[in-house]
Amino acid sequence: MTDQSQELFAAVDSLLAAVDDGTVLPLPAERVRLREAAGLTRAALAQALGVRVPSIEAWEAGRAEPKGERREAYRRLLEGLAARHPAPAPPPGRPAIPAEPRSAPSVQTAVGAATAPPTAPSAHDTPHTPTPGTRRPARPTEAAPAVGSRFPNGSLAVLDADGTAYCPGGVLLECPAATIPQLADWAVKESGLGAERLHRHGKDSDPLIVLTARAAARFGLPPALEDRRALRLADNHPVVRELARAKWKLTRRGFGPWARVYRPAEGGRRQCVQLAVLPWNALDTRTWGSAGQLPAPELAQILGDYATRVITPRGSAAVCGLELLTALRPPTRPVKDPATDTWMSGPNPGALTQAVDPAPPEAPDEHPVVTACSPRGHQRTPADVLDEEAFEWIRDPEQLTDDECAKPFAVGIDVNMAFAAAVNRLTVGLGAPVHVNHPRFDKKTPGSWLVDLSHINLDTRLPNPFTPHGLRPEGPAWYATPTVAYAAELGCGITPLEAWLRPESGSYLDGWYTRLRDAYLATMERLGVSAGMSEADFLAAMEHHKGTDPAQVAVLSAIKATVKGGIGKLRERPQGAGYRPGERWPALERPTWRPDIRAAVIATARVNMHRKMLKLAATGLFPIAVLSDCAVYLSDGPTPLDFLPRTPEGKPLPGGFRLGVSPGMVKHEGTQSLLWAVKMLDEGHNPARHIKGADAAAGGE
């Protein structure tokens with residue numbers, strides 16, 4: 001017997017022993033059935049087992065298997081679910097056929113399934129009973145709904161004028177509605193659309209119906225909104241009156257590009273539908289590119305990918321960013337009242353549970369807490385207001401050395417998902433601020449600190465980390481905890497004069513970061529850029545990734561906009577020409593209106609950037625310009641590999657910039673000549689803003 005035979009026989013014996021011990025996991029399709037029968041999301045499983053959502057997806061698709069302790073924990077979970085949700089018995093005379101696991105088809109698959117003519121079933125085909133109003137796609141196994149799903153047709157549909165609703169995965173639905181109220185009824189009661197909640201105390205996502213231009217016209221909607229300021233239909237418009245007669249209500253923002261129509265819940269079931277009107281620019285080109293102009297099947301797949309990886313769209317990317325925060329950390333949970341032995345709504349620990357007013361230095365100028373204590377027209381100074389913003393700095397061209405001027409290239413590097421990376425493991429305040437005089441600084445306490453950092457001497461060839469413009473502060477100023485903690489890290493004496501602190505704190509943003517990170521990495525992988533690539537392969541892949549799949553490029557753009565927009569929305573300013581300073585505006589009533597959290601995130605991103613630049617400065621490398629998450633260095637060659645320092649072993653410098661796809665790592669932003677960069681500096685322009693080329697700024701970069 002050969003060594004190979006012995007190894008094969010040993011492997012077979014090991015497999016037989018696993019079967020005898022009962023440690024073999026159920027088939028992938030059964031794993032999906034058990035999870036969905038219990039109403040659990042992949043995110044919930046991933047959190048419980050300490051893995052990422054793509055790992056759960058791989059286990060359920062049969063592409064990978066858990067190892068070690070996680071395998072045992074996963075098996076125990078599946079056994080418990082099997083006891084609670086046994087498989088239905090097969091019909092008499094027919095063996096049970098395991099369902100195919102749900103797959104994520106490409107845009108091309110969705111289009112093919114939607115447009116190819118149905119094939120006649122053969123004598124060997126299993127009889128198919130479609131959902132009422134459902135057309136069977138040509139290749140049903142590529143978009144087969146998961147067994148037992150409460151939302152068998154996915155999260156959304158793009159509706160065209162002929163009544164065909166295109167869903168992700170190539171599923172086609174017949175929509176008989178002739179009016180918007182009938183459309184809402186169909187979406188709630190018959191469509192099978194929606195998405196499971198992301199947290200056990202949260203709510204399922206409401207169905208999204210996207211109206212093409214022809215569909216909007218069919219329902220009596222105008223091709224454009226006449227009210228360009230309010231961006232909504234007039235209250236006396238026939239469609240609005242139809243909704244009112246049918247007992248459907250609109251939210252305060254009315255019937256605009258993203259309209260939410262609802263009725264009171266019936267039997268504990270929500271009756272709410274989200275509408276997106278494409279001819280009214282529901283899909284902003286700055287976020288979605290030209291996705292809104294694509295055929296309905298392709299658009300359905302793009303939006304479906306975003307919904308699966310992030311959240312069902314329900315407004316701008318900024319709105320989706322905030323909605324994702326609430327979906328992952330709902331403000332309330334059910335609690336039992338011991339006095340009455342009944343369930344009631346109570347605050348959810350670790351979440352933002354109620355709206356709180358900011359501390360005066362954290363509030364924008366229009367806020368009532370500012371107007372109440374400042375005379376009208378008062379110009380607030382750094383000693384009055386927290387000014388945590390991203391870098392915008394250029395170096396004095398007089399500081400360029402002869403060695404630097406001998407380098408022919410200016411090379412820009414950009415931090416991937418810089419604000420998302422700053423969110424990771426960030427402790428933020430959960431409650432209202434408490435004022436303290438002459439406090440002792442504690443880096444673990446989130447808040448705003450009035451402290452003088454102007455005495456700290458730093459190399460002027462780097463931007464000063466304590467101001468957005470990169471110049472030394474002139475006296476006492478308000479800073480978020482991450483900025484003051486960095487000053488302490490640099491060995492500087494910290495003596496706060498006063499502070500607004502939030503003793504109740506937590507890692508509220510961790511789940512938000514994890515979901516957006518996973519969405520970003522999954523999309524980049526679809527574009528041919530994956531973690532673990534060599535630096536040279538990564539740079540080569542990034543040169544062409546935006547030309548590989550335009551649909552996934554649109555999803556990637558939306559994910560990035562969700563991060564930036566969501567952070568910005570934490571300090572939403574008043575909107576509308578009729579607003580007067582000192583009045584409250586609607587955003588202030590949200591628990592997620594938290595300018596202090598926005599300040600902490602931006603401060604963390606800025607000091608993270610400075611920390612890496614300081615590491616490179618220790619090797620003699622100094623940037624000539626910085627704009628937010630982009631830094632420009634002079635180089636002997638045209639790529640980042642030509643100037644990023646290495647250890648003697650040839651590895652990237654620890655603590656410095658590292659090339660790679662993960663959030664916090666960097667990519668090549670662009671290259672220009674030394675003469676171009678020096679000319680920009682001499683004219684007072686920021687090379688980091690234009691390093692991609694002459695059209696970069698005009699293109700919204």
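By cavity I mean a set of points, on a 1 Å grid over the protein atoms alone, where a 1.4 Å probe fits but cannot get out. The volume of the largest cavity is about 60 Å³, a volume being the space filled by probe spheres set on the points, which are joined across faces, edges and corners.

I noted that this is a predicted model, in which local features need pLDDT of at least 70 and side-chain atom pairs count only at pLDDT 80 or more, while totals for chains, interfaces and linings use all residues. Residues are numbered from 1 along each chain as its sequence is written, and side-chain values use heavy atoms, with hydrogens and water left out.

Which residues line the largest cavity? I listed Pro361, Glu362, Leu386, Glu388, Glu389, Arg571, Pro595, Arg598 and Ala599, lining residues being those with an atom within 4 Å of a point. By class I counted four nonpolar, no polar and five charged residues in this lining (Ala, Val, Leu, Ile, Met, Phe, Trp, Tyr, Cys and Pro are nonpolar, Asp, Glu, Lys and Arg charged, and the others, Gly among them, polar).

Next I looked up helix H3 (residues 42–49) and helix H4 (residues 53–61), whose axes come within 8 Å and cross at roughly 110°. This makes H3 roughly perpendicular to H4, a term for angles of 65 to 115 degrees. Axes are lines fitted to C-alpha atoms, for helices over the stretch in contact, and angles run from 0 to 180 degrees between N-to-C directions; helices (H or I, at least four residues) and strands (E, at least two) are DSSP runs, numbered from the N terminus. In the contact (heavy atoms within 4.5 Å), Arg42, Ala43, Leu45, Ala46 and Leu49 of H3 meet Val53, Ile56, Glu57, Trp59 and Glu60 of H4.

I then turned to an open sheet of four strands, ordered E14-E17-E15-E16 with antiparallel pairing, where two strands pair if DSSP finds at least two bridges between them. Strand E14 (434–437) and strand E16 (476–480) are at the edges with a single partner strand each, so one side of each has no neighbour in the sheet. Strand E15 (residues 447–452) pairs with E16 over five bridges, and Trp449 has Tyr479 in E16 as its bridge partner. Helix H16 (residues 481–489) lies across E15 and E16, at about 110° to E16.

Last, I found five strands in an open antiparallel sheet, in the order E11-E19-E20-E12-E21. Seven bridges join strand E12 (residues 409–415) to E21, and Val411 stands opposite Thr671 in E21.

Methods
On a 1 Å grid over the protein atoms alone, a cavity is a set of points where a 1.4 Å probe fits but cannot get out, and a pocket is an open set with protein on both sides within 12 Å along at least five of seven lines; lining residues have an atom within 4 Å of a point. Angles under 35 degrees count as roughly parallel, over 145 as roughly antiparallel, 65 to 115 as roughly perpendicular and the rest as oblique.
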